[in-house]
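The structure goes in first, and my look-ups follow.

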Amino acid sequence: MPEQTPPSAVVVDGLERVFGDTRAVADVSFSVVRGAALGIVGESGSGKTTVARMLMGLLRPTSGSIQLAGVDRSAPPRTEGERRERAREIQMVFQDPYGSLDRRQTASAALTEVLRLHANLSRQQRDERVRELGDLVGLDKRRLDSLPRALSGGERQRVAIARALATGAPTIILDEAVAALDVSIQAQVLNVLRQIREATGVTYLLISHDLAVVRYLVDDVVVMKAGAIVERGTAAQVLASPEHAYTQQLRDSVPRPNWRPARRTREGAA
Amino acid sequence: MTTTTGYQAITLREKPTVVHRIRGLELGVTGWIAVVLVVVFTIMAIAGPALAPHDPYTQDLLRANNPPAPGYPLGFDYEGRDILSRVLAGARTSLLGPLLVVILGAALATLLAVTAAWARGWWDASVNVVFDFLLAFPGLLLAVLSVAVFGKGLVAPVVALAIAYMPAMGRIVRSGARSETSMDYVTALRALGVPARLIVFRHLVPNVTPLIIAQATTLFGFALLDLSAISFLGLGVQEPQPDWGLMVNTGAAGVLLGHPAESLSAGTCLALAACAFTVLGLRLSRRIEGR
């Protein structure tokens, strides 16, 4: 595990979460350097999303600590003010692009709502910023003025990404953010995410069961199984020569030159 | 433009036209008959007093209970007033009461139910107890009781019925709001730092509004019947104000004299209006559930 000499965006130490009798997350530690991208890989039920929810302050860790940009954020925010503060530090893009947007709100209205909360801008500046965010994720004016109903899955996910960026959060969790999209759309959205990272220097925490997606976007990887980290290293190293049998298994579901999409199993999608 | 079935009726258009929206409602023939009747009654309620050919208050005891005459197609009531004019003028009082019941009831129900669905815990439990408790009381009983306490007139029964109808709406709104709160967008809004009161009133309430409208439309029919029953009993709207429920009562004398036009016309209006609103409300509910 690389020690943090440059400033860290996220430091997680000994994180644990127990639901009843099950330990969903057990002794998870990792850190992400500012501007880097970390992949959290594992099958469904491995505790990835629970880690994400604790980072977002939506769930209280049973034990362990979370630091965002050097500040302790182990406990969920208590007040509206703290909640807003946390929102400016870390954001999340959800898996399901159909459920993560209010169906009665146009894309630009959703962005405006967030900007009104997090940025002190005049009405004109806000409109300008909405257009900038739209440009950043590749949504034109017509798309921005549409309700989610009129947008495709990929377009909705772009709205969700723009909305996360609108808070100004330097760290974004992508929780299976492309898993629900078609393969060709996945590639488009992944490209957008890569461009955004180059343009803004945002830190990504990419949660995925799909190693092809991970390899495209991240530098370092941790592999989770049954709530614990079983392997970690650079993406290239872990994916090229996995040490843990579980990682090898995961790798076997990755597209290869003669791999056909029809054979891919979808069991890990949820 | 491509169209598909189901919730995504129109995919490539951002803003469906009015025609598309109306077609998308899929109300069926009965539903559309109900819509037409609701529109007719709404017009009557708004313009009825102006449409009345004669003054609904002018008495002429010399023609009391007289049969129809030229210019007076429905004849005269027991005080010699023009029945047609009184039916038209009565639309406003008869329909205004249920409207107030439904608006007041829906506002109370929405406020309690959506906050309960959001907050859960003790507040949710208390709201549920209140709903269960009120469901045990028949609306009419509560309305008659309120008249006994607060006196005759429209105000007491309207408030009593609004409270009596609140749980029926509240339960549906609560379960609708509850399934909304479990959706990712609510979690996302929370993570975005949107204050709870904005999530509740700017996101949850608009998303359960179709449910509220459907339920309120159904209950409008019930409220119309209950309020008319109260007026029929002489506890609600008072003479000489024209009101359908009251007219069914005052027309009873005419029925005995072989001249049932007053009871019959007022009663027909009541029955049609109650059926139309109830059917439309049920159609809308079914349509929302089917989504």
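This is a predicted model: local features need pLDDT of at least 70, side-chain atom pairs count only at pLDDT 80 or more; totals for chains, interfaces and linings use all residues.

Residues are numbered from 1 along each chain as its sequence is written, chains are lettered from A and ligands numbered from 1 in the order in which they are written, and side-chain values use heavy atoms, with hydrogens and water left out.

**Chain A overall**

I looked up the secondary structure and found ten helices and ten strands in chain A; helices (H or I, at least four residues) and strands (E, at least two) are DSSP runs, numbered from the N terminus. Chain A has a radius of gyration of 18 Å, close to the 18 Å from the globule rule for 270 residues, so it is as compact as a globular protein of that length. Here the radius is taken over C-alpha atoms, and the rule is 2.2 Å times the number of residues to the power 0.38. I also noted that the C-alpha trace of chain A spans about 55 × 45 × 40 Å along its principal axes.

**Domains of chain A**

The domain assignment, automatic or from a database, gives domain 1 (1–89 + 169–251) and domain 2 (98–168) in chain A. Their centres, taken over C-alpha atoms, are 24 Å apart. Next I checked contacts, meaning heavy atoms within 4.5 Å: 16 residues of domain 1 of chain A touch 13 residues of domain 2 of chain A.

- Where does Ala69(A) lie? I found Ala69(A) in the loop between β4 (63–68) and β5 (71–72) of chain A. Its phi is positive, near 50 degrees, and Ala69(A) is partly exposed at 44% relative accessible area.
- Asn65(B) also has a positive phi, near 60 degrees. I placed Asn65(B) in the loop between α2 (28–51) and α3 (83–119) of chain B, partly exposed at 21%.
- Glu239(B) and Pro240(B) are joined by a cis peptide bond, with omega about 5 degrees. Pro240(B) is in the loop between α8 (196–232) and α9 (244–250) of chain B.

Definitions and conventions. Buried means under 20% relative accessible area, exposed over 50%, partly exposed in between (1.4 Å probe, protein chains only).
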